[in-house]
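Here's a quick tour of a ligand site and some charged pairs. Have the structure open as you read.

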Amino acid sequence: MSSIVGFFKRNYAAFISPPTPRNADDSSATSPPLKFGILGAAAIAPAALIIPAKSHPEVELYAVAARDISRAERFAKKHGIKKWYGGQDSYQKLLDDPAIDVVYNPLPNGLHYEWTMKALAAGKHVLLEKPSGDTAEETRRMFSLADQKGLVLLEAFHYRFHPAILRVKAIIDSGELGPIKEVNATLAVPKGVLDSVNDIRMNYDLGGGAMMDCGCYPLSCVRYLASSNPSAVTSATAVRYPKDPRIDIGTTADLTFPSSTPGGQPVRSTVKCTMSNSPRFGFIPKPEINVRAVCESGSIELFNFVMPVIYHYITVKPDGGIPRTEKAYAFKGDGGKGEEWWTTYRHQLEAFVDKVKGRAPQTWMSAEDSIANMEWIEKIYEESGLGSRPQSTYVFPTL
Ligand SMILES: *[C@@H]1O[C@H](CO)[C@@H](O)[C@H](O)[C@H]1NC(C)=O
């Protein structure tokens, strides 16, 4: 398949018209579908859940809740969702619906804690948008409640489930390039996409800020590839939002990680995020979505670690060897699940459903990982002088 044809076929199936699941004689479809309820008529829901659900035989989009009932109804009808709840108590009504197995929580960051705690208390599994909370303390409490109740809680770090990042991690872990010395990751969203005054990402009380929104990705990615948590934030600089200086429209942070060899130098890392990237040549938005690692005997780069299904490449340069470029749209010959057109979100949904159904997911992201990511987001904000986002004032009733 030529790469141009492949590009269109893959993206058509990924975002426009995913092939529908095989029928009920497929053994994976014999288990009854999980009924999902969505909190809020969020803009992210179609990409993150609704389109991926179309090709998953064990997922039923069952209900949506929004304060504004006409908005809930429009959203439900547009996406083929059976039930909708509206009004001030719409979220709670959805949680009280005994038919619902799983709650998808894409609410603003500042509401993650309250509604995830309430969903878990109602006995629902939760797929929670990233970043998981406003503070690591919130994240710790949510995972501890999920654990107590025996429920699945996953922070939706979808890129982690895609073969592209898993391939990069496997190459680093194989030792082909030697121990890792340096790892940088950047996620820059072009100017104008997100930086409007009314955007929730610019709202401090709702847990806004670039390091929360797009910065959580590069931080997660360098922690993953370094296979450890940082030992320190050595510097962090924020570009402040003029209308509210507690909000960063971009942050650059230098971190160190423990050495990957006994007695060796610490691993250096720079993570960068911005919600207001200046266009190159004045008009073409410059995509900066890459992660690059330098190891003792070579380097590796993945372009587009966040949305690899659209297009990506992995460049491997062994010192003194022949450089090569790899693509990993699907798992190759290793029994991995999925198709070339599966998005990161589709891979994530597969793993999430496997976990809820008691099967072993191919990839998983642990509670410790989510807690540590939040801890280091807070440490970066501390170093940049902006401070942590406000912890939720919601008090969970002691059971
Ligand atoms: C990582 O970023 C730092 C700071 O910008 C830079 O000096 C270094 O060369 C970068 N390393 C890689 C592997 O890109």
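## Ground rules

A residue is called buried under 20% relative accessible area, exposed over 50%, and partly exposed in between (1.4 Å probe, protein chains only).

What you're looking at is a predicted model, where local features need pLDDT of at least 70, side-chain atom pairs count only at pLDDT 80 or more, and totals for chains, interfaces and linings use all residues. Numbering starts from 1 along each chain as its sequence is written, and side-chain values use heavy atoms, with hydrogens and water left out.

## Around the ligand

Glu-182, Asn-184, Thr-270, Arg-292 and Val-294 surround the ligand (a residue is near a molecule if one of its heavy atoms lies within 4 Å of it). Sorted by class, that shell has two charged, two polar and one nonpolar residue. Here Asp, Glu, Lys and Arg count as charged, Ala, Val, Leu, Ile, Met, Phe, Trp, Tyr, Cys and Pro as nonpolar, and the others, Gly among them, as polar. Strands β7 (180–190) and β11 (290–295) each supply at least two of the shell residues; strands are DSSP runs of E, at least two residues, and helices are runs of H or I, at least four, numbered from the N terminus.

Now for the atom-level view. A polar side-chain atom of Glu-182 sits 2.5 Å from a ligand nitrogen, while one from Arg-292 is 3.0 Å from a ligand oxygen. Thr-270 has a side-chain N or O atom 3.5 Å from an oxygen of the ligand. On its own the ligand exposes 360 Å², and the protein buries 53% of that (Shrake-Rupley areas, 1.4 Å probe).

## Salt bridges

The whole structure holds 25 salt bridges, each a side-chain nitrogen of Lys or Arg within 4 Å of a carboxyl oxygen of Asp or Glu. One of them pairs Glu-58 with Arg-359 at 2.8 Å, N to O. Glu-58 is in the loop between α2 (45–54) and β2 (59–65) and Arg-359 in the loop between α10 (344–356) and α11 (367–384), so the pair ties together parts 301 residues apart in sequence. Arg-359 is partly exposed, at 32%.

Helix α10 has a pair of its own: Arg-346 and Glu-350 are four residues apart there, about one turn of the helix, and their side chains meet at 2.9 Å, N to O. Arg-346 is buried at 3%, and Glu-350 is buried at 12%. Shared partners join Glu-58, Lys-337, Arg-346, Glu-350, Asp-354 and Arg-359 into one salt-bridge network.

Conventions:
Polar contact = N/O pair within 3.5 Å; in protein donor to acceptor, adjacent residues only side chain to side chain.
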